[in-house]
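Please open the model in your viewer and keep a selection panel at hand.

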Amino acid sequence: RESDHRAWTPVTYTVTRQNATIQGLIQGKAYFFRIAAENIIGMGPFTETTKEILIRDPITVPDRPEDLEVKAVTKNSVTLTWNPPKYNGGSDITMYVLESRLIGKDKFHKVTKEKMLDRKFTVEGLKEGDTYEFRVSACNIVGQGKPSFCTKPITCKDEIAPPTLDLDFRDKLIVRVGEAFSLTGRYSGKPAPKVTWLKDDVVVKEDDRIKIKTTPTTLCLGILKSVREDTGKYCVTVENSTGSRKGFCQVNVVDRPSPPVGPVIFDEVFKDHMIVSWKPPLDDGGSEITNYIIEKKDTHKDLWMPVTSATVKTTCKIPKLLEGREYQIRIYAENLYGISDPLISDEMKAKDRFRVPDAPEQPIIKDVTKDSAVVVWNKPYDGGKPITNYIVEKKETMATRWVKATKDPIFPGTKFKVPDLLEGCQYEFRVSAENEIGVGDPSPPSKPIFARDPIAKPSPPVNPEAVDKTKNSVDLSWQPPRHDGNSKIIGYLIEYQKVGDEEWKQANLTPDSCPETNYKVTGLTEGLTYKFRVKAVNAAGESDPAHVPDPVEVKDRLEPPELILDANMAREQHVKAGDTLRLSAVIKGVPFPKVTWKKEDHEVSPKADIEVTGIGSKLEIRNTVHEDGGIYSLTVENPAGSKTVSVKVVVLDKPGPPRNLKISDVRCDSCYLTWMEPEDDGGSVITNYVVERKDVASAQWVAISSSSKKRSHMAKYLMEGTQYLFRVAAENQYGRGPYVETLKPIKAIDPLHPPGPPKNLHHVDVDKTEVSLVWNRPDRDGGAEITGYLVEYQEDGADEWTKFQTVPMLDCVVTGL
């Protein structure tokens, strides 16, 4: 049963052992228990616990404390804090045990006997420079629990801490004029930081109203009787060697605004109302103007009457006026903090004072062209109402009717370009101004003008120079003027002056005699020095003169010839046969040199076209052939000297015929051909030879080799007894040259040799004038059938053999001896 109840509750199961586990108890409540034994006869008496039992977990030592931290370090002390263990072991913490160990030693030593239940302790009496680590344990009634995790090694030395700043004020502060305000806060840092106050980036200095107070932990800026000038951005800086912190506050010292800025302008005045305007106050008191209060007063009375107090615009209509009375207006500005002093207007009479605008002054006409003119005028008096439009009119001088220049409004400009004029006609123009009352009188007419493009004298010619000279003339050249004055350049006037004279003489009398930008001044005296100048002329007249920069001495000019070679005059020029050969060069020299072209020191071929101009020369040969190749030379010569250049021309063509075609080693089925390379390779390397044969009885040539680079060939596969002709041609990259052919046919037979000597010659009979001879056939017949035997005799002692006769058989009778 629960200790505060009397009723017993049975446990829901029967126990057969001498122990039992009671489930379903409530933690923190106290219970009594009783037990009775039972047999088959019945239940015995109960035995009850002597005292109540409180239900709770069993008590153990506490867990280890948590978050052991070092809060401060000096050269001889360390301040530590920690949090209690997550579980106190079931019993309240009675004390904490703080231990330290000198790094390098094995054992921890208890630091103090204090209970340290506030979980903060400063260990003092440490040695500067020594390094320690600390741990803390919690104790309850059971005993001391596990120690916390150790701190990191801590070396005893004075601590450096960056500044901290805790401000009592917000980012913005609004203060009424005359009130005091202060900016306060707390700070810390090691070493002790320096405190600086700034206002709008300028250091704040103390005076009768401004007070600055700084203690080791607090800071304060106080201002007595604030004024509008105290408005600004205040900044406090806390700085030491480890860093700095800043705090900001925008202080706005507010007041009622200053008066609106005058004068009061009467924009419109009528007999029963006025419209006035003014400018906002120079100082709005630090708070937006919420409204203006406008009042009116009849100058004959002392009473100010309200008009409105609900406008934020700087303009207002003053209604309900009496015609002819004079009125004054006064205006106040108001913000959240009060109403300004008033702005009072001058006196103004209530009456209509508006009319149409005055007539403008006589307009001026500018920028006249053949079809337009720009009319310019000054703004007239507007009659009290703003001008809304100008009316520009035109008429021909001899006409009587004025015509509007445009139907579109012309405003606010005071000039207008009148279009659609007729070229050559004379016009006048006038202008009227219009406001909401109506159209005013027109201006006096402008001076008459003719509609035509304006012309002016041209600018001087550009860059005049002497480009050539002889013993009695000088050639001048120049460029046209940059501006022709809107009129065609008629021509140019050229003048010259002998150096030392003051008078300029005209080289041409009229400008149309020199329409181009060059002129030859003649009739000059050889050896004298002259100055020259040129003027451009248009319908408006002559331009300013442009002078040739330097005086010119009149004499024949000599310049040695000079050749500027074109690309086709390089050292060697290759031309494909059939193409056109072009050789050209730019030639300079004074007088112009004589030009001579030669080939191999001889005249060039008549087929060559030679052209000589004032700046150069060109040689051209069409449909070139191989014979056109060779060394061409160009010579230019004048009295000042001569110059020659040469170019080797190679006409690239098919090669010539091979030379010395010979046939040797004729057999019944083959023969050997040899030849020499052509005298002319066509300007390109021989790539191969083509060898062909032909049966004498056939009209068709047959190629037997077309790619041989050698100058010989073994012709095989001949038919014995057949007669053949052979021919050979050379090839290069431009084609196949002509063939060289054998002069006579070659018969395909093995070569014949003389037969061997007859054998065993001897006589078989002798007479006084004749001898009978016999012999045997020779060992070899030389490749052909033996046709006979030649018999010769010689008298003993003589040098010569005498032919007797040729016999077909192997015997002979020599007679006539």
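Throughout this tour, buried means under 20% relative accessible area, exposed means over 50%, and partly exposed lies in between, with a 1.4 Å probe and protein chains only. The model is predicted, so local features need pLDDT of at least 70 and side-chain atom pairs count only at pLDDT 80 or more, while totals for chains, interfaces and linings use all residues. Residues are numbered from 1 along each chain as its sequence is written, and side-chain values use heavy atoms, with hydrogens and water left out.

**Annotated spans**

Begin by colouring residues 163-252 and 561-646, which an unreviewed UniProt entry annotates as "domain: Ig-like"; its positions are given in the numbering used here, its feature names are shortened, and such annotations may be inferred rather than shown by experiment. In residues 163-252 the end C-alpha atoms lie 28 Å apart, and the span is 0% helix and 64% strand. In residues 561-646 the end C-alpha atoms lie 16 Å apart, with 0% helix and 62% strand. Helices (H or I, at least four residues) and strands (E, at least two) are DSSP runs, numbered from the N terminus.

**The largest nonpolar core**

Next select Leu583, Trp597, Leu619, Tyr632 and Leu634, the residues with the most contacts inside the largest nonpolar core, which has 20 residues. The elements giving two or more residues to this core are strands E48 (581-590), E49 (594-599), E52 (616-621), E53 (630-638) and E54. A nonpolar core here is a set of buried Ala, Val, Leu, Ile, Met, Phe, Trp, Tyr and Cys residues joined through side-chain atoms within 4.5 Å.

Centre the view on Leu619, whose contacts (heavy atoms within 4.5 Å) include Leu583, Trp597, Val604, Ile610 and Tyr632, leaving aside neighbours within four places in sequence.

**Salt bridges around this region**

Which residue forms a salt bridge with Glu620? The partner is Arg582, with the closest N and O atoms 3.0 Å apart, where a salt bridge is a side-chain nitrogen of Lys or Arg within 4 Å of a carboxyl oxygen of Asp or Glu. Glu620 lies in strand E52 and Arg582 in strand E48, so the pair ties together parts that are 38 residues apart in sequence. Glu620 counts as buried at 11% relative accessibility, whereas Arg582 counts as partly exposed at 43%.

Then display Lys607 and Asp628, whose side chains meet in a salt bridge at 3.1 Å, N to O. Lys607 sits in the loop between strand E50 (602-603) and strand E51 (609-612), and Asp628 in the loop between E52 and E53, 21 residues apart. Asp628 is buried, at 5% relative accessibility, while Lys607 is partly exposed, at 35%. A search of the whole structure finds 30 salt bridges.

For a distance across the model, pick the C-alpha atoms of Leu652 and Pro412, which are 240 residues apart along the chain and separated by 84 Å.

**A last stop at Ile141**

Finally, select Ile141, in the loop between strand E10 (131-139) and strand E11 (154-155). Ile141 is exposed, with a relative accessible area of 63%.
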